[in-house]
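Dear colleague,

I am handing over the structure that follows, and my notes on it come after. Please read them alongside the coordinates.

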Amino acid sequence: MTTSDVRRIELPFEINGLIDPITLTHTPSYFYDLLQRDIRRSDRNNEKLALITIDFSASTILAKKMIDFLMKISLILKQSLRSDEYFSRIGFEKFAILIHGDRAEALIALNRVQKELKKMENDSFPIIYKAPTDGDEHDGPETNSLRSVVSGSSVEVNTQIFVRDAGMSLVEWLEVASI
């Protein structure tokens with residue numbers, strides 16, 4: 001681990017209030033501001049919004065390896081998502097993605113991410129991904145799993161999709177999503 005890696009780990013989660021220093025994505029506070037803006041637009045236009053959460057549970061991975069893994073995941077998300085879909089690292093090992101659309105459109109976005117993740121299989125982070133299944137919008141969050149082995153350590157990744165009901169506030173939606 002180099003000195004810059006150590007400094008990067010020690011940086012506060014929000015370096016300037018807008019950009020996460022590890023993944024170079026939106027910080028949670030800025031992401032929530034964007035969500036609020038899109039909720040207002042969604043209400044005006046009577047459109048659905050879906051939130052995908054991707055939560056990594058890492059066992060004994062060295063900090064540098066986990067940071068490398070998070071950086072790779074961030075790049076995959078950037079390559080996989082459309083311009084109107086955006087994401088943030090909302091916890092050390094957790095990402096959230098906003099999709100303009102319903103559960104079916106969120107599943108399409110998740111499949112795009114899955115295709116990019118499959119390209120990582122031969123890389124230093126081999127991944128086995130369980131394909132997402134379609135479910136009824138009102139049955140609660142949809143959960144899928146991804147398991148990865150990083151140099152003998154395991155990373156379990158759970159994804160969930162939360163479709164926002166019309167009139168639901170940001171706070172209510174984030175409570176449903178346990179964010």
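Findings

The protein chain contains five helices and six strands, where helices (H or I, at least four residues) and strands (E, at least two) are DSSP runs numbered from the N terminus. This is a predicted model, in which local features need pLDDT of at least 70 and side-chain atom pairs count only at pLDDT 80 or more, whereas totals for chains, interfaces and linings use all residues. Residues are numbered from 1 along each chain as its sequence is written, and side-chain values use heavy atoms, with hydrogens and water left out.

Along the sequence the pattern is α-α-β-α-β-β-α-β-β-β-α. Of the 179 residues, 45% are buried, meaning under 20% relative accessible area, with exposed meaning over 50% and partly exposed in between (1.4 Å probe, protein chains only).

Helix 2 (residues 28-45) has 18 residues and reaches 25 Å from its first C-alpha to its last, close to the expected 26 Å, the expected span being 1.5 Å times one less than the number of residues. Its buried residues are Pro28, Phe31, Leu34, Leu35, Asp38, Ile39 and Ser42. Because they cover an arc of only 150 degrees around the axis, they lie on the same side of helix 2, the arc being that of the directions from the helix axis to the C-beta atoms. On the other side of helix 2, Asp33 and Arg44 are exposed, and just after the helix Asn46 takes a positive phi of about 55 degrees.

In helix 4, the buried residues include Arg103, Leu107 and Glu116.

Best regards
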